[in-house]
Amino acid sequence: MREIFSHRDLTVLGYYKSILEAEGIAGYIRNEHSQTLGFGFYGMFQRLGFLEPVLCIVADDEFERAIAILSPHRFSDPCDHEEWLCSACKESNPAAFEVCWKCQTAKNE
Ligand SMILES: [Zn+2]
């Protein structure tokens, strides 16, 4: 068992887990069962920073492959598409960047 990463939103972790399972990597979400305590109770602990769900994989030796599979996905939430593509070099940039981190071309140029 090895942790890959945690996220406060269980639906995000479920999304990543389904990506891994499509690639034949068995994963599970630790602290997922916390939700059976009831959403309000769980939400209270979330705000305090406890019981944050963690996506884990079962086989340690699949870790590198799992990271490689998730790396195109893991820095952008499924509900957050604010990254932009540089028109000059096609590199993706975080929404906060006004110029391309790679070639310094301005965002909307
Ligand atoms: Zn660029």
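In which element of the protein chain is confidence lowest, and in which is confidence highest? Confidence is lowest in helix α2 (residues 39–48), with a mean of 52, and highest in strand β3 (residues 54–57), at 91. These values are pLDDT, the predictor's confidence in each residue, from 0 to 100.

The structure is a predicted model, in which local features need pLDDT of at least 70, side-chain atom pairs count only at pLDDT 80 or more, and totals for chains, interfaces and linings use all residues. Residues are numbered from 1 along each chain as its sequence is written. The protein chain has a mean pLDDT of 79, and 74% of its residues reach 70 or more.

The protein chain contains 3 helices and 5 strands, in the order β-α-β-α-β-α-β-β from the N terminus on. Helices (H or I, at least four residues) and strands (E, at least two) are DSSP runs, numbered from the N terminus.

Of the 109 residues of the protein chain, 9% count as buried. A residue is buried if 20 or more other C-beta atoms lie within 10 Å of its own, exposed if 12 or fewer, and partly exposed in between, with C-beta atoms placed from the backbone.

Two residues illustrate these classes. R8 lies in the loop between β1 (2–6) and α1 (10–22); R8 counts as partly exposed because it has 13 C-beta neighbours inside 10 Å. P94 belongs to the segment after β5 (92–93) and counts as exposed because it has 11 C-beta neighbours inside 10 Å.

| Residue pair | Separation along the chain | C-alpha separation |
|---|---|---|
| R8 and V54 | 46 residues | 8.6 Å |
| P94 and W84 | 10 residues | 6.6 Å |
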